[in-house]
Amino acid sequence: MKTEIHRFKPLPLNKVKLNGGFWGEKNRLAREKVIPVQWRILNDELPGAELSHVIKNFRIVTGETNGQFHGMVFQDSDLAKWLEAVAYSLTTNPDPQLEALADEMINLIGRAQQADGYLNTYYTLKEPEKRWSNLRVCHELYTAGHMIEAAVAYYQATGKDKFLKQMCKFADYIDGVFGREEGKKPGYPGHEEIELALIKLYRVTGEERYLKLSKFFIDQRGQEPNYFVLEAEAAGEEFSADNKHFGLKYYQAHLPVREQVTMEGHAVRAMYLLCGVIDLAIETGDNTLLETAHRLWKNVTQQKMYLTGGVGASSYGEAFSFDYDLPNSTAYAETCAAIGLVFVAHRMLQLMPEREYADIMEKALYNGVLSGISLDGESFFYVNPLAVSPEVCEKRHDHSHVEPERQKWFACACCPPNLARVLTSIGEYFYTVNQNEVYIHLYGNNIAKVGLDEGEVQLTQETAYPWEGTVRISVSTEQPVRFTLALRIPGWCRQAQVCINGEELNLSTGLERGYAKISRWWNNGDRVELSMAMPVERIYSHPLVAANLGRVALQRGPIIYCLEEIDNGPNLAAISLPSGSKLTTQYRPDLLGGVTVITGEAMRVSADNWGNSLYAPQPPMKVKTGFTAVPYYAWNNRGRGEMLVWIRET
Ligand code: FUB
Ligand code: ZN
């Protein structure tokens, strides 16, 4: 028997109807633009985009076309993530044509699947005899995980089980290959992903063996003798377990997972591992996993996270650096890693509704995730630094990983379809519920249908959030229902008011873990109004973040701001904000799809009167200047130019 600790489940996507507003619009963009454009890219039909070849790889396997495999060893995962996004889109917005397209892809996947259940176009085409021989590097289990996630989502969206059955067959085959039993491989993936996917498969099928297999992969990671070391030895490959950058830490395999103290290595891998750990803890009630999850969460969010919710500071290895090492212009902060952090936070909320988890989920969503996609949905950042100078990116080798402009696609295209699946499923991040409690974590226009022990209620949120701090929630119910409505009062909010049917609720008695909890009989037509003061805040870093010493960032509500060259002229480094100067906000419907901008007075170091000498014994002249800051996520939507989040403060 498992211990039931899955007390708070996300309100499923099909119960949350987004109604315009900030996330409603992003969701619409993902459905109407991102999915169709990515379909063209996956078919190599978009001029000017990096070649994907992913669908062609499948067709080569099936013999429907000739050619060579092209792409990364995990190229199949781009199609899987696209299919997962399609499934979420179909969940909220049925579309027979899109569904037919997805069915066609599922049939193709079925035809490319080998008789024993194996599926992987790279190995099938290039190295059929080498299956599972390089788990550390070659991503077979990662790719399988994405396929499984897509199949689960498609089954949930459509009720059709063809894809699910295909992936059960694959998972059963994997189950036959891996394990501690004689004749099986005691290995685990170099890139985590299948752990969380198998738990999804277990939840949807009820088959315990998938849970056990996920547990095996998590338990086995980092055990001695180390599988990756043995695997490399067997292949005659050079692999140094304690290599600074690509040793066992890179794969989170330096220690058994429960003994890991800090979050190390490749950031996306680390986030996906943490997701699996939390899911497994939820399913098994294993306290050692819970402690591990809390410990690693703390290390990431208190020592290794950018203000934007980006994680993974180091471009070398796409990895975490040491504590407080958060350089701005060389930041890697991969879009997928911020997405991974959102997945982690969402799972932490299922363990316990703590404001901190929702705050970080929101921070990453509005900033480090959304910066990855252009406002028109057609181009993407893989890397999300907090300071960019196009000239530096072009000329300096240590910045060569930074693209100063979003790209249509990438040779390694993990981020764009990851964004597609997050934006199409964004409704699932708004609420978690149990039998008689409804927690609201994200604010945005939507209608939610919540099934409680005492009956179904409908909650309608109306708001101009994140530009305004007022959220109106109305209750529809056929008969009075007793339940608790818990509203997150975000950590950034210093002054909040809640009124029920016009009467103010006394919040002075305290919030519960950051939520205003209202337990009562709710009647049809009851209204709740949450008002959150949303002044601009000056944010400072922990003194050990050397890159930000003497610097300030601007935040309003959940939105982090930046300066852009187009508004402030070149050489943003020359600008400084006098502390305490007045900051003004204005909503600009005409700008960047509608954003609130921050303006104010600043100082600019001037080269006028300086002369030709490179150095001099007196400081340069300073002149007064105005400045305009725009939301970080919206930068680089008006052409190429500099960008800066952390501004010098005088
Ligand atoms: O290795 C698969 C994906 O590609 C990773 O998650 C990303 O960091 C990129 O390397
Ligand atoms: Zn990525």
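Predicted model: local features only at pLDDT ≥ 70, side-chain atom pairs only at ≥ 80, totals over all residues.
**View 1. Ligand 1 and the residues around it.** The shell (residues with a heavy atom within 4 Å of the ligand) holds Phe74, His139, Tyr142, His191, His266, Val268, Glu318, Glu334, Tyr382, Cys412 and Cys414. Six of these residues are nonpolar, three polar and two charged; Ala, Val, Leu, Ile, Met, Phe, Trp, Tyr, Cys and Pro count as nonpolar, Asp, Glu, Lys and Arg as charged, and the others, Gly among them, as polar.

**View 2. Polar side-chain atoms facing ligand 1.** Look for His139, with a polar side-chain atom 2.7 Å from a ligand oxygen. Tyr382 has a side-chain N or O atom 3.4 Å from an oxygen atom of ligand 1. The protein covers 96% of the 270 Å² of accessible area that ligand 1 has on its own (Shrake-Rupley method, 1.4 Å probe).

**View 3. An open sheet of five strands.** The order is β1-β4-β5-β9-β12, with mixed pairing. Strands are DSSP runs of E, at least two residues long, and helices are runs of H or I, at least four, numbered from the N terminus; two strands pair if DSSP finds at least two bridges between them. β1 (9-10) and β12 (515-522) are the edge strands, each with a single partner, so one side of each has no neighbour in the sheet. Helix α15 (residues 355-369) packs on this sheet, touching β9 (481-488) and β12 (contact: heavy atoms within 4.5 Å).

**View 4. An open sheet of seven strands.** Here the order is β2-β6-β7-β8-β13-β10-β11, with antiparallel pairing. β2 (16-18) and β11 (503-504) stand at the edges with a single partner strand each, so one side of each is left without a neighbour in the sheet.

**View 5. Strand β13 with β8 and β10.** Five bridges join β13 (residues 527-532) to β8 (residues 470-476), and five join β13 to β10 (residues 496-500). Find Arg527 as the bridge partner of Ser474, and Val528 opposite Ile500.

Definitions and conventions:
Residues numbered from 1 in each chain as written. Chains lettered and ligands numbered in written order. Heavy atoms only, no water. Axes fitted to C-alpha atoms, helices over the stretch in contact; angles between N-to-C directions. Polar contact = N/O pair within 3.5 Å; in protein donor to acceptor, adjacent residues only side chain to side chain.
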